[in-house]
Amino acid sequence: METAQHLTQSHPAITKQFIGQDGRPVITLRGRSAAIDIGNTEVNCIFGSEKSRFVFPNVIAEMSFDDVLEQENDILEGLRVKIDSPALNRKWGTLAVGQLAARQQDERREISPGSIKANEDQSFIVFLTALAVDAVKHFAVKDGVCFAAYCLSGGLPISEFKNKELRKQFKQKITNGVHKVTFLETTSPYRHVEVHLEVFDVKLSSEGQAANLELTTDAFGGYKPLPGTDGNYMILDNGGGTLDCAVILAGGKTDNERSKGEQKLGINKTLDSILDSIYSKYNVTFESRKQLADHILASRKGSPLSTQVKDILVQGKPKPIQDIVDGHLRRYAQTIYEYMKRKWNEVSNCQSAYFIGGASNLIRPYLSELNQGEGMAGEYVIYFLDPNQSFWILAEAYHKIGVYHREHGKKRKIVLIPPQAP
C-alpha cells in the first residue's frame, strides 16, 4: 500500500492520527474512496461508501474550445479540461475527455493496442478527470477552487503488475505532488472550477486476481461458491487492449507462473478493423470503439447468444453491416478459443474457464458456437457472466479490496470521514 509522503499530520485533510491497540498508526482522513477500472475502451468508476458510479469512454482529444455555442446538460458529455500534473510525461494543452473526445474524428486519441497502461499519459488524464468530476460534487468549492483528497484502489494487467518497478512508478506518479484539473467551458457547477487533487493512498491489484476475488466472495468478503471453482480453473479477462489469463489453483491461490497477460489479443484491433471496413464500404462509420460495441450489444435485444446486428443509417437509409461485423468477430473469437484450448492443456486438472470483460460479451455467441454450448453441455466447461456484472466486475473488486486494505493494511489503518459539503 503506497501512501503520499507529502501528507503529514498538519495536512488539513488529516483530522486525527494516533497509534491503535494493535500497534498500527491510525489515520483519520477527510476524503473519499475511489475504485477506478481504466479499461482500454471505457473508464468505470465507483466512489465512496455509497458506491456512486459513472462511466465514460477512454478517449481524449487535444484541441481548442473557441466555438462552444451551448454547454451540455450532463458533465460527462462536455468534459473540457486543462490538466497540470507531475504524473504526466509532457505538457498537454486543453483537452476533451470521454464522450466529447469520441466525437472528434481527427483529434481523438484512443489507447493503442499493445501499449503499456502504466506508462500512458492517457491513463492518468482519464483517472484525474474522473476524480475531479467526483470532487466537485462532494468537496467544498470556494472562489472557484476545490481541494480534494482521495484513497485509490485500481489495477493493472497481469503482464504489467508482475513488473515491480512499473508498479512502483505508477504509484509514485499518483501519490507524489498535487494534480490540478481545471474545468473549462462546461456545465454548472463545474464551469471554471480548479480542482486540486491529492491521492493519499493507492492499492494496486492484478486485474485477474481482482476478478477472482469478486467472483468468489460476497459483499462482506465471505466465500461465495461458483460452479467449477472448487479445483483448478481459469479466468480469461478479455478486454480492449489485452487478454489476461489468471490461473487459480484449488484453495484460491493464483498460479503466478501460468497466469499471463497477452498484449496482442485484446479486441481493439478487431473493432478498428470493423470501423475501417464500414467506412470503406459506406464512407461513414461510428464515432468510437465504444459506440460500435454498444450498437452490437443493443442489436441483440437482451439475448446474449444472438449474433444479430442492426443496420446503420447512411444518407438517411438503412444499410447492413451484419456480414462485416460477423466476419471480424468470428475470426477474433476463433483466435481466443484456440488460445483458451492451449492454456487448458497447460493447467493440470483444469475444471472450468470463466470469460469476463467487455470483449467476452461481444464474442460470447461465437465462442459458445465454437464450443458447442456452455457449462457442462459444451466441449469445454466455460462460463460467462451477466453482461452488467462482467462490465463492472473489476471496479466492484477494486472497491472491495480498497475497503479491506484501509481497514486491515499491515502498515496503517485509514479511516475516511465525509468531506465538507460543497
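**Note on the predicted model**

1. Leaving aside its neighbours within four places in sequence, S123 is in contact (heavy atoms within 4.5 Å) with I38 and K117. S123 lies in helix 2, residues 121–138, where helices (H or I, at least four residues) and strands (E, at least two) are DSSP runs numbered from the N terminus. With a relative accessible area of 1%, S123 is buried, a term that stands for under 20% relative accessible area with a 1.4 Å probe and protein chains only.

2. This is a predicted model, in which local features need pLDDT of at least 70 and side-chain atom pairs count only at pLDDT 80 or more, while totals for chains, interfaces and linings use all residues. Residues are numbered from 1 along each chain as its sequence is written, and side-chain values use heavy atoms, with hydrogens and water left out.

3. The structure holds zero disulfides, a disulfide being a pair of cysteine sulfur atoms within 2.5 Å. For C151, the closest cysteine sulfur is that of C146, and at 16 Å it is too far for a bond. C350 is likewise in no disulfide, the nearest cysteine sulfur, in C245, being 8.3 Å away. C151 is buried at a relative accessible area of 1%, and C350 is buried at 13%.

4. Three strands form an open sheet of mixed pairing in the order 2-3-22, where two strands pair if DSSP finds at least two bridges between them. Strand 2 (14–19) and strand 22 (413–417) are at the edges with a single partner strand each, so one side of each is left without a neighbour in the sheet.

5. Strand 2 runs antiparallel to strand 3 (residues 25–30), and five bridges join them; the bridge partner of I19 in strand 3 is P25.

Conventions: Buried < 20%, exposed > 50% of the residue type's maximum accessible area, 1.4 Å probe, protein only.
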